[in-house]
Amino acid sequence: MGDLKQRTLITARERLRDQVAQALHAALIAGELRPGQIYSAPGLAADFGVSATPVREAMLDLAREGLVEPVRNKGFRVTELSERDLDQYTELRALIEVPTIGRITEKCSRDAIEDLRPLAEAIVERAREHDLIGYLEADRRFHLALLALSGNERLVETVGDLRKRSRLYGLTALDERGELISSAEEHLELLDHMVTGDPEAAMACMTRHLGHVRSVWAQDHDESV
């Protein structure tokens, strides 16, 4: 009975850490946590109305993702992305995702591809609702589920890691400019090309989509400096 109680306490603590991590992700996306700035766990804990422990644990999780870096006796600095970083992430994603989309289009069943349409539609819906956290979560699920049709789990893990490291700062500004919906609708266009069995058009769409995302990074990066 004692073991069960301890396990329950650990689970509750992990849930709180996950909730704090989600809140921190949201703050990063909204641009409330700025690149290069140092934030202390106690200070953030006061903002969230929790103890410093789950905040510190959540920040360490973000550090493992490369989103922040520990600063001795001070807290955590939000990592900055240079133009070179952004170009390299875009290049890596293009090298992996574009040809993979082509292979999936050629080899995967139309039904398996079409099954992902609700996820693509969810991305558009979240964009229209100005739900930025929901948008990025739906976008992440769609892209990784699509790549999973390749059957290469390591490829999916690699792209997932690249996506975390190439996150968007200040997505709120993009939404306010009305540019988020057009990017969201590219997911539906991509599926249309894949379902009709046109690998060249699908790869061209994926290339354009990644270029669009890269231009968004550039705008947000310029606005943050």
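Which residue forms a salt bridge with R154? Keep that in mind while we set up the view, and we will meet the partner at the third stop.

**Before you start**

What you have open is a predicted model, in which local features need pLDDT of at least 70 and side-chain atom pairs count only at pLDDT 80 or more, while totals for chains, interfaces and linings use all residues. Residues are numbered from 1 along each chain as its sequence is written, and side-chain values use heavy atoms, with hydrogens and water left out.

**Stop 1: the whole chain**

Start with a cartoon view. The chain has 11 helices and three strands; these are DSSP runs numbered from the N terminus, with helices being H or I of at least four residues and strands being E of at least two.

Of the 225 residues, 44% count as buried. Here buried means under 20% relative accessible area, exposed means over 50%, and partly exposed is in between, using a 1.4 Å probe and protein chains only. Among contacts in the chain with a separation of 6 or more, 74% are between residues 24 or more positions apart; a contact means heavy atoms within 4.5 Å.

**Stop 2: a link between α1 and α3**

Now select D61 and R17 and show their side chains. They form a salt bridge, with the closest N and O atoms 3.5 Å apart. The pair joins distant parts of the chain: D61 sits in helix α3 (residues 52–64) and R17 in helix α1 (residues 2–30), 44 residues apart. A salt bridge is a side-chain nitrogen of Lys or Arg within 4 Å of a carboxyl oxygen of Asp or Glu. D61 counts as buried because its relative accessibility is 18%, whereas R17, at 24%, counts as partly exposed.

**Stop 3: more salt bridges**

The whole structure holds 15 salt bridges. Select R154 next: its partner is E157, and their closest N and O atoms are 3.2 Å apart. Both residues lie in helix α8 (residues 153–165), three residues apart, or about one turn of the helix. R154 is exposed, with a relative accessible area of 53%, and E157 is partly exposed, with 49%.

Then pick E125, R126, E129 and D131, which are linked in a network of salt bridges. One of its links runs from D131 to R126, where the closest N and O atoms are 3.9 Å apart. D131 has 30% relative accessibility, so D131 counts as partly exposed.

**Stop 4: where helices cross**

Colour helix α2 (residues 41–48) and α3. They pack at an angle of about 115°, with their axes 8 Å apart. Axes are lines fitted to C-alpha atoms, for helices over the stretch in contact, and angles run from 0 to 180 degrees between N-to-C directions. On the α2 side the contact is made by A41, P42, L44, A45 and F48, and on the α3 side by A52, V55, R56 and M59. These residues divide into eight nonpolar, no polar and one charged. Ala, Val, Leu, Ile, Met, Phe, Trp, Tyr, Cys and Pro count as nonpolar, Asp, Glu, Lys and Arg as charged, and the others, Gly among them, as polar.

Now switch to helix α4 (residues 83–107) and α8, which pack at about 145° with axes 10 Å apart. Show Y89, L92, R93, I96, E97 and T100 in α4, which meet L155, T158, V159, L162, R163 and R165 in α8. This contact divides into six nonpolar, two polar and four charged residues.

**Stop 5: helix α7 and H143**

Select residues 132–148. Helix α7 has 17 residues and reaches 24 Å from its first C-alpha to its last, close to the 24 Å expected at 1.5 Å a residue; the expected span is 1.5 Å times one less than the number of residues. Its buried residues are L132, G134, Y135, A138, D139, F142, H143, L144, L146 and L147.

Zoom in on H143, which counts as buried at 2% relative accessibility. Setting aside neighbours within four places in sequence, H143 is in contact with R93, E97, R163, H187, M206 and H209.

**Stop 6: a strand residue**

Finish at V71 in strand β2 (residues 68–71). V71 counts as buried, at 16% relative accessibility. Not counting residues up to four places away in sequence, V71 touches I38, F76 and R77. V71 and I38 are 33 residues apart along the chain, with their C-alpha atoms separated by 7.8 Å.
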